[in-house]
Amino acid sequence: MSAVGIGVIGVGVISDTYLENLGRFPDTEVVILGDLDVERARAQAEKHGVAGFGTAEDVLAHPGVDLVINLTIPAAHIAVSRAAIAAGKHVWTEKPIGLDREGAVELVTEAKAAGLRIGSAPDTLLGPGFQAARRAIEEGRIGRPLFAQTVFQTQGPDLWHPNPGFLFAQGAGPLLDMGPYYFSALVSLFGPVDRVSAVGTKAREERQIHTGPNAGTLFPVEVPSTIQIVTAFESGQQAQSLLSFDSALERHGIVEIHGTEGSIVIPDPNQFAGRIAYVNPLGVLRDGMSFEQPWIEIEHADLAVGRGLGALDMVRAIAEDRPHVASGELGLHVLDVLLSAQESAATGATVEVASTVAPVPLLPEGFDPFAATL
């Protein structure tokens, strides 16, 4: 065997980091780029030393492509992924896997029937930070996990993005834009979600673009720009999550897991590495005793990896006949959870989550992205 041939559809901003990383992994070779704007595909191909470029159809028809990486806009994710499956290609898609349950179910079902794999971002779950944190929890550093708290709060992408309207439109907002990172992490730690309750609000009905050529232009806010979610897992654990584009206080990347024997902070789920540290219980407090709890740091590897790691794990998992970490089934379940939270916020009712997912595997011990294994 040799490096797996990859075709990329959609060469927007996020494609740079994918192409940089996939070009460094000996087990992957990008052979063609496709985009609605063929000239943009040409420019990216020249920039990253990719031999072929063209349209999405050119990527799907290329005989050297075994895996399609779908970096199109979220509204196109399912259609492009299904076309790739129909063409006999494995698929890795950016998050979310899609914007509607029915389409995502059909995609996963079609891939399974064809004997093909679906992988779905985020692949930060494969980063050395999250992997080390999961192992620490499974080793019992905090006893039996009981509940989690996650926080993502910011003033909003309209402060820096030159065209932020789509991030406040149907299919986005902080829930579907940032939620996949936090809920993929929680499901990986606790297993499938049983039910969710949520409340949402908008700070304003319109917001303003602040940078770029359209600065000063107003655009509508179509979805809640702040949402708070209480999640109950099938395993009995709980989580409380805040996702906001309305906060004057910038605070994000917070994931705390609290257990019977301690509490642990783990890396930002939108990053591949970060701080892992835990505290033990205070025990019995007597007069004059300090409430201070010393943090115990957990050191871990900090390999220079990024987006594309999930696709690499998937091609190796196919060769090794093992489950890959960031699976289509995980992406489908997380989408179901997020849409259930959206429905709960709209109706005020607790929503039961219909889907489930098998336990999310850890990466094999000693996984080295820079080794040639195929």
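Domain bounds, as the term is used here, come from an automatic or database domain assignment. For this protein, that assignment gives domain 1, covering residues 4-120, and domain 2, covering residues 127-297, and the centres of domain 1 and domain 2, taken over C-alpha atoms, are separated by 29 Å. The structure is a predicted model, in which local features need pLDDT of at least 70 and side-chain atom pairs count only at pLDDT 80 or more, whereas totals for chains, interfaces and linings use all residues. Residues are numbered from 1 along each chain as its sequence is written, and side-chain values use heavy atoms, with hydrogens and water left out.

Helices (H or I, at least four residues) and strands (E, at least two) are DSSP runs, numbered from the N terminus, and two strands are said to pair if DSSP finds at least two bridges between them. Nine strands form an open sheet with mixed pairing, in the order β16-β15-β14-β13-β7-β12-β11-β8-β17. Its edge strands, each of which pairs on one side only, are β16 (296-297) and β17 (351-352).

Within this sheet, strand β7 is joined to β13 by eight bridges, and the two strands run antiparallel; V151 stands opposite I254 in β13. Strand β7 is also joined to β12, here by seven bridges and with the two strands running parallel.

Contact means heavy atoms within 4.5 Å. Helix α7 (residues 173-190) lies across β7, β8 (193-201), β11, β12, β13 and β14, and runs at about 160 degrees to β12.

A further packing arrangement involves two helices, α5 (residues 101-114) and α9 (residues 328-347), whose axes come within 10 Å and cross at roughly 170 degrees. That angle makes α5 roughly antiparallel to α9, given that angles under 35 degrees count as roughly parallel, over 145 as roughly antiparallel, 65 to 115 as roughly perpendicular and the rest as oblique. On the side of α5, the residues R101, A104, V105 and V108 take part, and they meet G328, E329, L332, L335, D336, L339, S340 and E343 in α9. The residues of this contact divide into six nonpolar, two polar and four charged, where Ala, Val, Leu, Ile, Met, Phe, Trp, Tyr, Cys and Pro count as nonpolar, Asp, Glu, Lys and Arg as charged, and the others, Gly among them, as polar.

Several loops also carry local features of the backbone. A cis peptide bond joins K95 and P96, with omega at about -15 degrees, and P96 has its place in the loop between β5 (90-93) and α5. Another cis peptide bond joins A121 and P122, with omega at about 10 degrees, and P122 is found in the loop between β6 (118-120) and α6. In the loop between α8 (309-320) and α9 lies D321, which has a positive phi of about 55 degrees although it is not a glycine.

Accessibility was assigned with a 1.4 Å probe on protein chains only, so that buried means under 20% relative accessible area, exposed over 50%, and partly exposed in between. D321 counts as exposed because its relative accessibility is 68%, whereas H62, at 24% relative accessibility, counts as partly exposed. The place of H62 is in the loop between α3 (56-61) and β4 (67-70). Leaving aside its neighbours within four places in sequence, H62 is in contact with V31, I32 and K89, while the C-alpha atoms of H62 and V13, which are 49 residues apart along the chain, are separated by 24 Å.

How values were computed. Axes are lines fitted to C-alpha atoms, for helices over the stretch in contact, and angles run from 0 to 180 degrees between N-to-C directions.
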